[in-house]
Amino acid sequence: SFAGTNKDWRVRISVNPGSVVLYRGTSPGIMSPLLPTDGVIFPFTPSISVSHTTNYGAQALTHTNYASYYYQSSQVSDMQVSGEFSVQNSNDASYLLAAIYFFRAAGKMFYGDSGAYQGSPPPILYLNGYGEHYFPNVPCVLTSFTHSLPNDVDYINTKTIKGGTTRVPTNSTITLGLQPVYSRTSQTKFDHQKFASGGQ
C-alpha cells in the first residue's frame, strides 16, 4: 500500500505490518520513533546499487574453437543502499538512534532468551521506494550494516527511553546490504510475459 499511494516515494525499510518484532514489538523502547513512519525512511535520497546476474555453465568440446554454454540460473544480487542522515535537533537524534538499533537487531537471530521466537532466523525486511514499479515491497534479508561516524562534525545529545544520554553525529552515513528473497511458492507463480510487461 505504501508503494501504491503515490504520495510518498521516499525509500523505506520496514517489517511486515502483521509482525510483532522490533519496533512493532510489545516493548519497542529505543525504536519507538520508527512507529509513526512504520520503519526507517531515508531523509535524503540514498544511493542504491542493484545488480541482476545470469549464470551460464560452459562445456568444452573436443576439437572445437569455442565452448558451448548452457543456462543455469538468474538472480538479483546483494543490493547496496547508502544514505545520509542529518540530525538538527533531539527528535532527529532519537530517530537516527532508533534506525541504528533497528538495523543492528535486524541482522541477528532470536538467540538465547528470546521468548516465543527463540531459535528463529533474523526477520524479513521490506524495501519500498520510487513507486510500484521499482521497489514495490521487496522482501529482503539484511546481509550487512555499516554506520560511519565522522570526526569532522558536531554531535548532539539525545535522551533514551531509560533516561540515559547518547550523542549522535549531526551528519552520518548508513550503508546496508540487502538480499532479495522470495518463497518457493511465489516463485512458482512467476509469469515471464507479465513480469516483462510490468504486471508482476
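Trainee: How many aromatic pairs does the pairing rule count here?

Mentor: Rings of Phe, Tyr and Trp (its six-membered ring) pair if their centres lie within 6.5 Å; planes under 30 degrees apart are stacked, over 60 edge-to-face, and the rest tilted. The count by this rule is ten aromatic pairs. One of them is the tilted pair of Phe 42 and Phe 85, with 5.4 Å from centre to centre and 55° between the planes.

Trainee: Which parts of the chain does the pair of Phe 42 and Phe 85 tie together?

Mentor: Helices (H or I, at least four residues) and strands (E, at least two) are DSSP runs, numbered from the N terminus. Phe 42 is in the loop between β2 (40-41) and β3 (47-49) and Phe 85 is in strand β6 (residues 79-86), so the pair ties together parts 43 residues apart in sequence.

Trainee: Before going on, what are these values based on?

Mentor: This is a predicted model, in which local features need pLDDT of at least 70 and side-chain atom pairs count only at pLDDT 80 or more, while totals for chains, interfaces and linings use all residues. Residues are numbered from 1 along each chain as its sequence is written, and side-chain values use heavy atoms, with hydrogens and water left out.

Trainee: Is Phe 42 buried or exposed?

Mentor: Buried means under 20% relative accessible area, exposed over 50%, and partly exposed in between (1.4 Å probe, protein chains only). Phe 42 is buried because its relative accessibility is 1%. Phe 85 is also buried, at 3%.

A second pair is Tyr 56 with Tyr 71, which is edge-to-face, 5.7 Å centre to centre and 75° between the planes. Tyr 56 belongs to strand β4 (residues 52-59) and Tyr 71 to strand β5 (residues 68-76), 15 residues apart. Tyr 71 is partly exposed, with 47% relative accessibility.

Trainee: Which side chains of β6 point to the buried face?

Mentor: Met 79, Val 81, Gly 83 and Phe 85 point to that face and are buried.

Trainee: How do I read the pairing of strands?

Mentor: Strands of a sheet pair through backbone hydrogen bonds, either parallel or antiparallel. Here two strands pair if DSSP finds at least two bridges between them. β6 runs antiparallel to β3, with three bridges, and Ser 82 stands opposite Ser 47. Between β6 and strand β11 (residues 171-180) there are eight bridges, again antiparallel, and Gly 83 faces Ile 174.

Trainee: What is the order of the open sheet?

Mentor: Its seven strands run β2-β1-β7-β8-β11-β6-β3, with antiparallel pairing. β2 and β3 are the edge strands, each pairing on one side only. Strand β1 (residues 12-14) has three bridges to strand β7 (residues 125-129), where Ser 14 stands opposite Tyr 126.

Trainee: Which residues have the most contacts inside the largest nonpolar core?

Mentor: A nonpolar core is a set of buried Ala, Val, Leu, Ile, Met, Phe, Trp, Tyr and Cys residues joined through side-chain atoms within 4.5 Å. The largest has 36 residues, and those with the most contacts inside it are Ile 13, Leu 34, Phe 102, Phe 103, Leu 127, Leu 176 and Leu 178. α1 gives the most to this core, with ten residues. Contact means heavy atoms within 4.5 Å. Beyond its neighbours within four places in sequence, Ile 13 is in contact with residues including Phe 42, Phe 102, Leu 127 and Leu 176.
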